[in-house]
Amino acid sequence: MRLTDLPINTLKEVPSDAEAGSHQLMLRAGLIRQLASGLYTWLPLGMRVLNKVKKIIREEMNNAKALELTMPVVQPAELWVESGRWEEYGAELLRLQDRHNREYCLGPTHEEVITDIARHELKSYRQLPVNYYQIQTKFRDEIRPRFGVMRAREFVMKDAYSFHIDENSLLEGYHLMKEVYSNIFNRLQLTYRIVQADSGTIGGNKSEEFHVLAQSGEDAIAYSEKDGFAANIETIPLHPSNTKLAEPTEELKLVETPQVKTIKELCSFIKVKPEQCLKTLLVQGTDTPAVALILRGDHELNGVKAQNLKAVASPLRMLNTSEAKGATGVETGFLGPKDLKIPVYIDYSAAVVSDFVCGANINDHHYTGVNWKRDLPMPELADLRNAVAGDPSPSGNEPLSVAKGIEVGHIFQLGQKYSQAMKATVLDDEGKPRTMFMGCYGIGVTRVIAASIEQNHDEKGIIWPSAIAPYDVIIIPINMDKSYRIRETTEELYKKLQESGYETIMDDRSQRPGVKFADADLIGIPHRLVIAEKSLDQGQLEYKHRRSNETEMVPIKNIIKILKEKQL
């Protein structure tokens with residue numbers, strides 16, 4: 001490909017609305033362009049990367065004997081009603097009607113559709129196990145699309161669904177797909193971890209996520225190096241602390257704190273650390289207007305754990321300001337556990353804090369020097385928070401470490417959640433109908449590209465892993481339009497590289513060398529070859545790998561051998 005045949009517009013300035021590094025670089029390098037919030041057009045350069053990711057996924061899925069198909073994006077509502085998810089899925093499900101007033105949705109996932117296919121196409125246990133997959137567009141009506149294609153409304157996903165006669169077969173299929181996913185992410189040259197996860201709206205008995213490690217990741221992953229344990233911080237059960245409640249050393253005091261409502265403001269005003277403060281969160285109760293949940297100021301509420309409490313309504317809903325005031329008579333920000341007249345639960349870690357600071361249930365006031373048992377009774381204890389660095393590993397081997405991750409894959413053991421609801425059965429070896437077991441396996445194809453950039457970039461631009469780079473080599477001739485010798489050598493080299501199987505792009509634009517170098521770094525082509533008059537006199541050209549800051553002169557005649565040696 002010649003750059004004069006590829007209308008690419010790189011951007012020098014960072015787009016003001018692009019937060020994540022990958023979003024900025026994908027826009028600047030001309031991979032994507034935004035059409036509307038959460039909707040992106042993939043331009044030719046971006047499509048080359050996208051197709052390479054798809055190719056690797058297809059090869060590994062096909063090697064595992066999975067069968068490719070394509071299902072409609074638009075799905076009839078009755079399938080979702082049948083599975084019970086039409087109302088359950090929530091606002092991310094974009095619902096629409098056709099001219100006949102029939103209801104449909106844009107598919108965020110395809111469990112219902114594939115189960116409908118299976119119940120009509122699979123008749124006997126002899127046809128099992130089977131794994132169907134597709135690489136297709138999905139739509140989820142994100143309330144706040146952000147980070148470019150990382151959390152877009154429309155995106156490309158590889159989703160696969162397996163069907164089995166029993167749980168043992170499901171387990172075998174699940175482990176096979178876990179291995180397949182590892183192969184895919186290894187070939188994509190990503191640094192990742194497999195973590196225990198919550199199944200969320202997809203459901204099922206067990207699920208694991210594949211996270212690309214990156215500082216910009218939305219998810220926090222807790223792990224233990226000694227035993228290989230890793231899990232999303234939201235899924236780790238935490239147990240009562242071994243720490244004993246210390247004896248009080250301070251007197252209970254009521255302190256005026258005008259307009260001091262947040263933990264950060266409180267710590268600054270009273271000169272105390274967040275872990276010495278307790279915060280009171282109000283959620284809707286099952287049988288009461290409100291339930292209070294007490295946590296340390298430096299901890300985050302775990303919604304799944306809170307929702308599992310009998311007294312807490314499901315799905316979990318935090319009370320708004322007016323509801324909270326109606327239930328307690330106090331403005332949010334000044335709530336505390338002392339003298340509350342509603343059900344109260346306290347997290348294990350908050351139950352061992354002495355001399356703490358909390359809201360006084362009086363507007364513009366807090367208590368200091370508060371102690372359990374002396375000043376107020378101990379509420380019912382519960383595991384309410386996300387894990388943090390330093391918490392004990394479930395294995396007990398060492399304290400947990402925490403890293404940021406970007407979820408790029410998720411595998412589920414669905415069991416019979418959908419097959420039972422939708423009556424998907426096959427005849428067993430005795431001729432009796434058996435409800436099938438299902439597995440579900442997804443990879444965010446477009447998200448993989450953003451995650452790869454988050455892991456592979458510098459201040460100059462993208463640094464593509466060789467497996468998914470849009471081109472292998474870029475040739476930059478200097479003054480090609482003025483020198484017949486440069487032009488002839490460039491054309492010969494271009495042809496030679498292509499014949500040797502290297503995907504090559506030639507920058508034949510009439511631009512200054514600095515512009516060409518900057519664009520080559522921004523786009524991130526692994527190998528850069530510069531042809532100039534001076535080096536030609538010695539039969540050489542300038543070589544630079546995108547991951548290196550060093551350039552070197554190499555013989556033109558040996559370039560194919562050198563490129564093979566320079567693979568990084």
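## Cavities

On a 1 Å grid over the protein atoms alone, a cavity is a set of points where a 1.4 Å probe fits but cannot get out, and a residue counts as lining if it has an atom within 4 Å of a point. This is a predicted model, where local features need pLDDT of at least 70 and side-chain atom pairs pLDDT 80 or more, while totals for chains, interfaces and linings use all residues. Residues are numbered from 1 along each chain as its sequence is written, and side-chain values use heavy atoms, with hydrogens and water left out.

At least two lining residues each come from α13 (513–523) and β29 (540–545); helices (H or I, at least four residues) and strands (E, at least two) are DSSP runs numbered from the N terminus.

## The second largest pocket

A pocket, by contrast, is an open set of points with protein on both sides within 12 Å along at least five of seven lines. Of its 17 lining residues, Lys-261, Lys-279, Thr-280, Leu-281 and Gly-333 lie nearest the centre. Two or more residues come from each of α7 (263–270) and β14 (278–283), with β14 giving the largest share, five residues. The lining has nine nonpolar, six polar and two charged residues.

## A helix pair

How do α2 and α6 run relative to each other? Helix α2 (residues 44–63) packs on helix α6 (residues 167–187) at about 150°, with the axes 10 Å apart. The two are therefore roughly antiparallel (over 145 degrees). Axes here are lines fitted to C-alpha atoms over the stretch in contact, and angles run from 0 to 180 degrees between N-to-C directions.

Most residues other than glycine have a negative phi, and most peptide bonds are trans. Leu-128 and Pro-129 are joined by a cis bond, with omega about -5°; Pro-129 is in the loop between α5 (111–121) and β7 (130–139). Ser-314 to Pro-315 is also cis, with omega near 5°. Asp-355, not a glycine, has a positive phi of about 50°.

Notes. Nonpolar A, V, L, I, M, F, W, Y, C, P; charged D, E, K, R; others polar. Parallel < 35°, antiparallel > 145°, perpendicular 65-115°, else oblique.
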